[in-house]
Amino acid sequence: MELKQPYYAVIFTNTRTEGDNGYAQMAQDMEDLARKQPGFLGFESARSSLGISVSYWKSLESITKWKANMEHKVAQQKGKEQWYSWYKVRICTVDREYEFTQQG
């Protein structure tokens, strides 16, 4: 995924509570919904004992509108009540990117 710089990254780092409790379905629903938002550029996620999800956006305005989306607000509240024991959100400007792919 190569994007035109600069763009923005929202880094959501978290630890989960025990059990699924509807989390997996809501996470998929939120990813699907985010992909439909104006300014959305991409998404990456990884989970072990610590979860890290990064969404990429064209502008800070796009991020603000996504945070205010009513369906997203419901998911945010459920996250605080049921799914997360801790989380941190970081919003960063991506000025440069590069990658490596092994040939073979």
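What is the handedness of the crossing of helix 1 and helix 3? The crossing of these two helices is left-handed, a term applied where the near helix is turned anticlockwise from the far one by less than a right angle, with right-handed used if the turn is clockwise.

The structure is a predicted model, in which local features need pLDDT of at least 70 and side-chain atom pairs count only at pLDDT 80 or more, while totals for chains, interfaces and linings use all residues. Residues are numbered from 1 along each chain as its sequence is written, and side-chain values use heavy atoms, with hydrogens and water left out.

The secondary structure of the chain consists of 3 helices and 4 strands, where helices (H or I, at least four residues) and strands (E, at least two) are DSSP runs numbered from the N terminus. Along the sequence these elements follow the pattern β-α-β-β-α-α-β, and the C-alpha trace spans about 40 × 35 × 20 Å along its principal axes. Of the 104 residues in the chain, 33% are buried; buried denotes under 20% relative accessible area, exposed over 50%, and partly exposed in between, with a 1.4 Å probe and protein chains only. Among contacts with a separation of 6 or more, 75% are accounted for by residues 24 or more positions apart, contact being defined as heavy atoms within 4.5 Å.

Two packed helices are described by the angle between their axes and the distance between the axes. The axes of helix 1 and helix 3 come within 11 Å and cross at roughly 150 degrees, the axes being lines fitted to C-alpha atoms, for helices over the stretch in contact, with angles running from 0 to 180 degrees between N-to-C directions. Helix 1 and helix 3 are therefore roughly antiparallel to each other, given that angles under 35 degrees count as roughly parallel, over 145 as roughly antiparallel, 65 to 115 as roughly perpendicular and the rest as oblique. In this pairing, Tyr23, Met26, Met30 and Leu33 of helix 1 meet Glu71, His72, Ala75, Lys78 and Trp83 of helix 3.

The axes of helix 2 (residues 60-68) and helix 3 come within 5 Å and cross at roughly 65 degrees, which makes helix 2 roughly perpendicular to helix 3. Trp66, Lys67 and Ala68 of helix 2 make this contact with Met70, His72, Lys73 and Gln76 of helix 3. His72 counts as buried at 15% relative accessibility and, not counting residues up to four places away in sequence, touches Met30, Trp66 and Lys67.

A search of the whole structure finds 8 aromatic pairs, for which rings of Phe, Tyr and Trp (its six-membered ring) must have centres within 6.5 Å, planes under 30 degrees apart counting as stacked, over 60 as edge-to-face and the rest as tilted. Tyr23 and Trp83 form an edge-to-face pair, because their ring centres are 5.6 Å apart and their planes stand at 75 degrees. This pair links distant parts of the chain, with Tyr23 in helix 1 (residues 23-35) and Trp83 in helix 3 (residues 70-83), 60 residues apart, and both residues are buried. Tyr84 and Tyr87 are likewise edge-to-face, with centres 6.0 Å apart and planes at 70 degrees; Tyr84 is buried at 16% relative accessible area, whereas Tyr87 is partly exposed at 34%. Phe12, Tyr23, Trp83, Tyr84 and Tyr87 form one aromatic cluster.
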